[in-house]
There are 2 protein chains.
Amino acid sequence: MALEHAILVSLAEKASTGYDLARRFDKSIGQFWTATHQQIYKVLARMEGSGWVVATHVAQDGRPDKKLYDLTEDGRAELRTWIAQPAEPEAARSDLAVKVRGAAFGDPKAVAAEVRRHRAIHQERLDFYLANEKREFPDPSALRGHRLHQWLVLRGGINLERGMIDWYDEVIAALTRKGKR
Amino acid sequence: MALEHAILVSLAEKASTGYDLARRFDKSIGQFWTATHQQIYKVLARMEGSGWVVATHVAQDGRPDKKLYDLTEDGRAELRTWIAQPAEPEAARSDLAVKVRGAAFGDPKAVAAEVRRHRAIHQERLDFYLANEKREFPDPSALRGHRLHQWLVLRGGINLERGMIDWYDEVIAALTRKGKR
DNA sequence: CGTATCTATGCAACTAGTTGCAGTGCAATC
DNA sequence: GATTGCACTGCAACTAGTTGCATAGATACG
């Protein structure tokens with residue numbers, strides 16, 4: 001499983017609380033791995049048990065106390081080992097694609113409308129990623145190390161969103177063509 | 001959950017056994033939804049309990065008996081209802097992208113090699129899809145109804161694979177550029 | 001002749017992930 | 001002054017999906 005390892009990567013970049021991780025997963029890392037805060041807390045506890053991370057209790061005033069997690073040497077070693085291992089080629093999952101395939105057994109016009117809605121959502125995501133790129137990586141050619149890698153993953157997200165939007169356009173065109181359904 | 005509905009779509013196209021479905025999920029439908037045979041048998045049993053499908057026992061000689069599943073009116077209604085409902089925008093999950101992001105905490109050269117391996121796998125998939133398209137949909141402009149929808153989903157798979165390959169190329173180039181790592 | 005693969009179904013035990021709920025205290029909005 | 005939202009953590013119960021195993025006759029390969 002990779003949530004543990006996604007968390008290791010995230011913590012290797014910056015020691016964080018579960019709450020921070022959950023927000024980070026909603027943004028950058030979340031492009032290619034999502035998790036709810038419940039799942040993150042659960043996994044963090046297990047990781048602490050495995051000795052991959054240590055928690056430091058931090059008292060704050062005006063806010064609840066927090067537990068700041070950081071990698072241990074074992075955690076770093078585990079991350080290195082995991083990165084060196086081959087990954088399974090991932091299988092995409094898309095409800096919407098299943099609905100497109102089944103459109104003839106429902107209402108194709110409604111499916112087209114739903115695709116249009118998704119197009120708008122992904123257009124927004126794309127704009128968000130593009131704005132991030134401009135702000136955080138104004139000069140990509142100068143990047144090295146983990147900043148370069150972060151940028152590459154962002155590029156992956158941008159690429160994916162663009163691809164989806166293109167496909168949505170194709171689907172909308174085909175489903176709303178005159179004379180055909 | 002959508003496995004049930006992916007199965008409904010598949011059965012709406014053609015009454016099938018669990019075994020057939022499992023193979024179908026390895027190919028066309030599997031582009032956007034995968035399932036193992038165990039999961040399929042389990043879900044089919046539940047769907048039969050819900051009255052969405054009925055099984056007919058078919059004796060064969062030389063081969064084990066099989067259970068041919070077909071949709072009931074309830075199943076068809078359920079499918080229509082589900083298709084009409086909005087779908088959640090899907091979250092991508094990619095081990096490999098997480099590894100790219102964490103490359104600096106492991107061996108970036110090894111990550112590049114792994115990306116190259118995935119590139120080859122996806123190139124193969126792309127070729128497979130393109131061959132399918134040529135064979136099964138030689139004249140896309142003439143398509144209507146569920147054949148059109150099947151083709152659209154295949155186009156989605158083709159599009160996705162192309163996008164991934166492009167991104168892999170970008171990553172490989174960046175990770176193997178001289179003077180940078 | 002023996003081994004592997006295909007057709008065909010399924011159980012049991014497990015891991016991963018989701019949903020719903022709960023609590024606290026501060027700051028900002030209405 | 002009351003409600004909403006944010007920061008922060010977590011439990012409990014559930015659903016979905018994975019892995020390993022079992023069975024069994026037929027055919028194909030070496």
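Guide: Residues count from 1 along each chain, chains are lettered from A in written order, and side-chain values use heavy atoms without hydrogens or water. In this predicted model, local features need pLDDT of at least 70 and side-chain atom pairs pLDDT 80 or more, while totals for chains, interfaces and linings use all residues.

Visitor: What makes the relation of chain A to chain B a two-fold axis?

Guide: A rotation of 180° with 0.0 Å of shift along its axis puts chain A on chain B, at RMSD 0.0 Å. That is how a two-fold axis relates copies.

Visitor: How do you know that the same surface serves both copies?

Guide: Contact means heavy atoms within 4.5 Å. By that rule, 100% of the contact residues of chain A recur in chain B.

Visitor: Why is the second largest pocket said to lie between domain 1 and domain 2 of chain B?

Guide: Domain 1 (3-84) and domain 2 (95-176) of chain B both give residues to its lining, so the pocket lies between them. The bounds come from an automatic or database domain assignment.

Visitor: What makes a residue part of the lining?

Guide: On a 1 Å grid over the protein atoms alone, a pocket is an open set of points where a 1.4 Å probe fits, with protein on both sides within 12 Å along at least five of seven lines; a lining residue has an atom within 4 Å of a point. The second largest pocket has 20 such residues, with Arg101(A) and Glu136(B) among those nearest its centre.

Conventions
Copies are superposed by least squares on the C-alpha atoms of residues with pLDDT of at least 70 in both.
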